[in-house]
Structure formats: C-alpha cells, structure tokens
Amino acid sequence: LHLEGPFISKDKKGAHPEEYLRTFENRGFQDLLDTYGSLDNVRIITLAPELDRSSEVIGELVSRGIRVSLGHSVGNLTQAEAAVKHGATFITHLFNAMLPVSQLPKPARNGGSSRKGYL
C-alpha cells in the first residue's frame, strides 16, 4: 500500500483538499500514526521533506521497513538531501507541477540529490 498525503505542501497539494492536509509539528511520528492508524501493509509513504520534523518521521518509517518517497513538495535541495540522509529513497511525481529546470537554483539544475547518487 502506498499512502500519498496528507503530509504534503499546501502549495503542491494537487487534488488533495487543503482542509485535510496535516503536519508533524505537534507530535512528530505520533501525528502520522494518529492520522493513518495501523501501518500494517503500508510499504511506501509520500511526504514533503520541508515539513517540520519530517527527518524524524522518515527515520522512524524506515526503521519499520516502510520506504519514504518525497513529493507534493516545495522543499529546497538542503531539505531534500536531509530527507535522503534519513532514509528517503523515492520521488513521487518527479517534475509534475514543478518549476522548469531553467528556473531552478543551479545545484538543482546540475542534478541536485541525484548527482550524489542518493536516489
């Protein structure tokens, strides 16, 4: 099972209703558990790496054998690299609704995280 949302950017929410979006600000990983309930059968969760406490949540998900995908995000390269260092290994909707490559900061134009072989 792949869970996509509600821990995503309101600026890149796509079809997700804004009133249902969530963050990890209050209780970190417990916020995720409060939202999803059981994680049985969950194999991938998409989240926005710029959300406060996302690195903590990513680490906990990975320790439970759940893969983390970055998506629906307005995060910067530093936030994405921190997420990868904590165990994120996928990207959901790469380049969908993103700035054209020519408008990205130079490190991202040069390959960003993928240039280091992270993803």
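Me: In this predicted model, why is Glu-50 said to have no salt bridge?

Reply: A salt bridge needs a side-chain nitrogen of Lys or Arg within 4 Å of a carboxyl oxygen of Asp or Glu. For Glu-50, the nearest side chain of opposite charge is Lys-12, 9.7 Å away, so no salt bridge is assigned to this buried residue. Glu-50 is found in the loop between E2 and H2.

Me: What makes the pairing of Glu-50 with the side chain of Ser-73 a polar contact?

Reply: The two side chains are 2.7 Å apart, and the cut-off for such a pair of N or O atoms is within 3.5 Å, so the pair qualifies. Beyond its neighbours within four places in sequence, Glu-50 is also in contact with residues including Ser-9, Val-74, Gly-75 and Gln-79.

Me: How do you know that the buried residues of helix H1 are on the same side?

Reply: In H1 (residues 29-36), the buried residues are Phe-29, Asp-31, Leu-32 and Tyr-36. They cover an arc of only 155 degrees around the axis, and therefore lie on the same side of H1. They pack against E1, strand E2 (44-47) and helix H2 (54-63). Just after H1, Gly-37 has a positive phi of about 75 degrees.

Me: Why do strands E3 and E4 count as paired?

Reply: Pairing requires at least two bridges. Two bridges join E3 (residues 67-70) to E4, so the parallel strands meet the cut-off. Ser-69 has Phe-90 in E4 as its bridge partner.

Me: What makes E1 and E4 the edge strands?

Reply: The open sheet has four strands in the order E1-E2-E3-E4, with parallel pairing. Strand E1 (2-4) and strand E4 (90-91) each pair on one side only.

How values were computed: Residues are numbered from 1 along each chain as its sequence is written. This is a predicted model: local features need pLDDT of at least 70, side-chain atom pairs count only at pLDDT 80 or more; totals for chains, interfaces and linings use all residues. Side-chain values use heavy atoms; hydrogens and water are left out. Buried means under 20% relative accessible area, exposed over 50%, partly exposed in between (1.4 Å probe, protein chains only). The arc is that of the directions from the helix axis to the C-beta atoms. Contact means heavy atoms within 4.5 Å. Lys and Arg count as positive and Asp and Glu as negative; His and the chain ends are not counted. A polar contact is a pair of N or O atoms within 3.5 Å; within protein, one must be able to donate a hydrogen and the other to accept it, and residues adjacent in sequence count only if both atoms are side-chain atoms.
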